[in-house]
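Colleague: I would like to learn how to read strand pairing and helix packing in a model. Could you take me through the structure below?
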Amino acid sequence: MGLIVQKFGGSSVADVDKMKLVAGRVIAECDRGNQVVVVVSAMGKTTDNLLSLIAQVTDRPNPREVDMVLATGEQISIAILALVLQTMGRKAISMTGPQVGIITDPFHRKARIRDINTARLREKLDEGHIVIVAGFQGLTQSGQITTLGRGGSDTTAVALAAALHADRCDIYTDVDGVYTTDPRIVPDARKLATITFDEMLELASLGAKVLHNRSVELARNHNVPLQVLSTFSQNPGTLVVKEYTNMEDIVVSGVAYNRDEYKITILGVPDQPGMAAKLFSKIGEANVNIDIIVQNISHRGLSDISFTVGKEDFQNARDVAEQFVKEYGAEGIRTDDAVGKVSIVGVGMRSHGGIAATMFGALAKENINIQMISTSEIKISVVIARADVDRAVQAIHREFELQSEPKLTAR
């Protein structure tokens with residue numbers, strides 16, 4: 001008997017009919033002789049609707065109360081799915097994150113899992129239950145409900161798979177795998193049979209919506225077998241693997257994009273040792289995630305520092321920047337809420353030259369201006385005008401011929 005963790009996103013449990021389809025998936029896995037833990041998100045657009053309700057009250061809500069509201073979404077979906085399975089003759093029980101024993105740090109709205117006490121969960125599995133767990137939520141040591149940030153149900157599923165030493169973690173979505181880019185932008189985007197943990201982590205961090213980046217990092221660190229499948233079809237999915245046998249042949253595996261980038265520039269920062277450290281220490285204390293950073297060459301003893309953040313961090317980052325200007329005598333700040341990021345990812349970039357030139361050339365042919373650049377061993381990202389994102393993705397995908405199928409084996 002094996003142990004499988006299955007995760008179903010909001011679109012997979014959007015209504016009762018879809019929940020019945022999900023129940024069929026769960027039962028099929030049970031009938032193969034496996035114990036099954038199911039992690040689900042809130043139904044459909046429930047989380048968005050709850051955020052909209054909060055926005056009607058205040059534009060700067062208390063994060064603790066936001067978590068109290070948002071955690072209710074998953075509580076509804078787990079109970080409904082448990083009822084569906086029970087009506088189909090299966091022994092099922094729903095459990096919230098706190099009931100399962102998921103302990104997090106105290107950072108509301110994007111908490112991180114510190115520990116999972118699996119004793120109660122194992123007890124229910126041993127009793128023959130299918131256990132339906134609320135994704136996205138946990139409890140602090142002091143008893144406060146927290147949420148893990150958008151996409152946190154993926155993290156819940158992988159964390160449970162790691163803690164339970166599960167045989168596999170299956171992530172079910174409304175797409176049948178990981179593609180070279182978003183098929184809505186590039187119709188001939190190709191589904192990948194396999195992708196490495198490193199590549200998937202970069203793609204998820206850079207805006208690909210299929211998996212949450214923290215879940216991929218957990219899977220890689222704990223060597224959790226991971227695959228992405230569609231709830232609504234029987235097509236084979238994408239297997240996330242440690243590495244390819246001929247990994248250097250894959251130069252670029254995919255193109256990711258993110259339209260929710262915001263740029264903040266602090267103008268006229270005194271060009272003195274430690275100024276950047278002071279700025280980003282303050283931003284770190286505000287629990288703001290920074291993406292790309294650029295500092296220009298000093299002129300007249302002053303320099304400009306630009307950085308990008310996600311939409312959810314923009315207000316906090318701007319507040320910190322404004323306070324920094326007052327405290328250290330910088331000239332002011334400038335914000336841009338009309339930028340996006342486009343990135344290429346591939347493990348073969350470690351051993352191939354000329355990749356950046358090819359990417360930048362593709363953008364130049366489309367007359368797309370690059371505002372910022374960031375690189376790592378296996379990725380190159382550029383910040384461009386948000387209006388140019390779709391054309392950039394199409395041009396880069398075409399330039400690297402990602403619609404063509406490479407011949408690879410995994411190990």
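Colleague: How many bridges join strand E15 to strand E18?

Modeller: Two strands pair if DSSP finds at least two bridges between them, and strands (E, at least two residues) and helices (H or I, at least four) are DSSP runs, numbered from the N terminus. Here E15 (residues 254-270) and E18 (residues 332-345) run antiparallel and are joined by eleven bridges, with threonine 265 having arginine 334 of E18 as its bridge partner. This is a predicted model, in which local features need pLDDT of at least 70 and side-chain atom pairs count only at pLDDT 80 or more, while totals for chains, interfaces and linings use all residues. Residues are numbered from 1 along each chain as its sequence is written, and side-chain values use heavy atoms, with hydrogens and water left out.

Colleague: Which strands stand at the edges of the sheet?

Modeller: The open sheet has six strands in the order E16-E17-E15-E18-E20-E19, with antiparallel pairing. E16 (290-295) and E19 (372-376) stand at the edges, each with a single partner strand, so one side of each has no neighbour in the sheet. E19 pairs with E20 over five bridges, and serine 374 has serine 381 in E20 as its bridge partner.

Colleague: How are two packed helices described?

Modeller: They are described by the angle between their axes and the distance between the axes; axes are lines fitted to C-alpha atoms, for helices over the stretch in contact, and angles run from 0 to 180 degrees between N-to-C directions. Helix H11 (residues 355-365) packs against helix H12 (residues 389-399) at an angle of about 130°, with their axes 9 Å apart.
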